[in-house]
Amino acid sequence: MDDVLQAIYDSILEGRVTEVAAEVQRALAAGHPAGVILNQAMIAAMAEVGRRFETMEYFVPEMLVAARAMKEGLALLRPALVGAQIEPVGKVVLGTVSGDLHDIGKNLVGMVLEGAGFEVVDLGVNVPPEAFVAAVREHRPQVVGLSALLTTTMLAMKATIEALRAAGLRDQVVVMVGGAPVTPAFADRIGADLYAPEAASAAARARSRFADQGGAE
Amino acid sequence: MQHRERALAALNHQEPDRVPLDLGSTRNTGILIEPYQALVAHLSAGQPELALDDYGQSKIARVASPSEALLRALDVDFRGLFLGFPDRPLEQRLPDGSHQDELGVVRRKPPGSFYYDIVHSPFDREMTVADLEKWTWPDPTDPGYVRGLRERALALRATTDCALVLHLQDMIVHPSQYLRGFERWYVDFILEPALMAALLDKLTEIRTELAVAALKAVGDLVDVVSSSDDVADQRGPMISLPMYRRFIKPRHRHYFDAIRAHTPAKILYHSCGAVAALIPDFIDIGVDFINPVQVSANGMDTARLKQAYGPQIGFWGSIDTMHVLPFGSPEDVAREVKQRICDLAPGGGFVLAAVHNLQPNVPPQNIVAMFSAAREFGCYPICP
C-alpha cells in the first residue's frame, strides 16, 4: 500500500483521531481517488479493527476510538465521494426496540456499519414498531437493524417484524437482529433474516448478504 | 445442621450437610416486585408482605425484600443487611416523574417496561479533573447510612439461625459509567486517562469511607460482605486486561483491603459477565467468593472453573436466568440445578442462587423448582 494510504490505515487502526483528517487531506492532495482512500485505507482498517475485536485483541474502547477516527476521516472525504458519485454499499435503518432505552450496542453496530460503507439512519432508543414502519417508508433502506438488551424487551422485535409485514414492507428489507439476550434460535423463531452476535460480525454479515443478493460490494 | 453452620462450612470450603441457598441477601441475588408477588400467591404463603426499599439501587432495580416467612418456606440460609438512607438525601423524584439518584444520574421507566433506564448522565460532556471537585458528591459520613445497622444485625442474629450478609453499594465501575455515559466511559481509557483515573479515585474514596463506617458498626457480626462492580460483558472483560490492571484492579484492591482491616467476614464480589480470564486477578486482590457465575456468558463453564480455581475461590449463584429460569420447564430447571451442583458443590465453596435477581418473566413454578431441586440434589455427598 502507498505510504499515504498506509498512514490513514494505521491511524484508524490505532485510533489517532486528530491525525486522520490531515492524512486524508494529504492523500486527496496527492491525487488518490476518494473511492480508493475509502476502500483501501479506511474500510480496510475498520475490517481489521473488527477482526481484532472478534479475536479479543481489541475491546470496546479501542473499537470506539477507531470508529471515531474513521468518522473524522469520512467527514473530510464525503465531498470528494459525492463528487466522484460513489454510492454507499447500502442503507440501514437502525434502532433499539420499544420499551428498551439501551444504546451502546446499537451505536457500536451503527459505527461499524458506517465503517463498512453503509449509510446508517439511527432512530435512537425505545422505537415503537410504527416508527420503524414509517422510517422504512421514508428512507427505503435495504436493511432494518433491531437491537434489544433485555429478555423482556426482545419480544418487541417480533412485534416490529409483524408491523413491517402488516404494512407490506417485510419483503423489501433484510431484518437483522442482535443484543445480549438474542440467540440464533430466537432470531429464527421471530422471522428475522440475519442474526449477529456482536458489532463486528453485524457489518460482515450484512455485507455478505448483499453480495449474495447481487447488491453493491 | 443449622443454617449458619451450614453456610460457614461452605464459605470455608468444607462440605456441609447440604449446599446453602441464597435469595435476597444481596441486591444481586434477589427477586423483583412482580415475580415476588406471583411467587407468594403461588405458594399461598399468605398476603404478599410487600416490604419495598424505596431508595437507591434497590428502588431503581425494583427489587422486593422477601418476607421472613417466604425465606423460611424456601429454606434460605442467608439473611441480608442493607445500608440505611442518608439524613440529607441527594436522591429525588423530578417533576417529570423521572428519578435522580444520589450521584445525579437520572433514570426513567418507559411505559410498559419493568426497568428504570438512564436518560441523563451528568458528566456526559467535556469536562476536566477540576470539575469533579466542584460536583456535589454524596457524603459517606452521613450518619443515616449506618444508623440502626447494628441493631438490625443483632435482631437477625437473635431471630434467625442464618448467616448474615452485609450488602454494600456498587463500587467504582458502574457509578463512573452512569455518571460519564457509557460511550465516553469507554473512550476515556484511551483519550482521557487522567480524568478517568481522577473520577475512579473520587468514587473509591467515597465508597471506601462508607464501607469502613458500616463495618465499624457490624464488622464483628457479619459473615459475608457483598460488593458489586461489573467488569465484564457477555463476551469477555469490558476492557483489556492491561487496562483493567491499570485502572480498576488497584482501586478494588484498596477497597477490599479496607474491608478486610475491619472484619473477618468473607468478601463476596459480584461482576456479571464473562469473568473467567479475570478470576486470577480477583483471587490476587482477596476476593473469597464470586457472584453471579453467569453461565450464559463466554467461557463460564462451571466444571472447568471449579477445576481451575476451586480451592482458591468460591462460587455464589450459577442458575441460569437468561434461558433456563425464564423459558425452561420446571424439569429443565431441576436439570440445570443438578448440573451446577455436580460441577460446583464438591468440596464446599458453593452457594446456590439464581444468576442475578429473578425477573418478571420467571414463572413461580420455576422458582419453586429451583429451590426444591437444590434441596434434593444439594445433599452431600454430591453426585455419588
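Modeller: Helices (H or I, at least four residues) and strands (E, at least two) are DSSP runs, numbered from the N terminus, and two strands pair if DSSP finds at least two bridges between them. What you see is a predicted model, in which local features need pLDDT of at least 70 and side-chain atom pairs count only at pLDDT 80 or more, while totals for chains, interfaces and linings use all residues. Residues are numbered from 1 along each chain as its sequence is written, and chains are lettered from A and ligands numbered from 1 in the order in which they are written.

The part to look at is in chain B: an open sheet of four strands in the order E5-E6-E7-E8, with antiparallel pairing. Its edge strands are E5 (92–93) and E8 (117–120) of chain B, each pairing on one side only. On its paired side, E8(B) meets strand E7 (residues 106–108) of chain B, in the antiparallel sense and over three bridges. One residue pair to find there is Arg107(B) with its bridge partner Ile118(B) in E8(B).

Residues are in contact if their C-beta atoms, placed from the backbone, lie within 7 Å, and the contact of the chains takes 26 residues from chain B and 20 residues from chain A. On the chain B side, E8 and helix H8 (182–191) are the elements that give two or more residues. The largest share of that side, seven residues, comes from H8(B). The chain B side divides into 16 nonpolar, seven polar and three charged residues. Here Ala, Val, Leu, Ile, Met, Phe, Trp, Tyr, Cys and Pro count as nonpolar, Asp, Glu, Lys and Arg as charged, and the others, Gly among them, as polar.

As to confidence, pLDDT is the predictor's confidence in each residue, from 0 to 100. Chain B has a mean pLDDT of 93, and 96% of its residues reach 70 or more. The model scores ipTM 0.89 and pTM 0.87.

Definitions and conventions:
Two residues are in contact if their C-beta atoms, placed from the backbone, lie within 7 Å.
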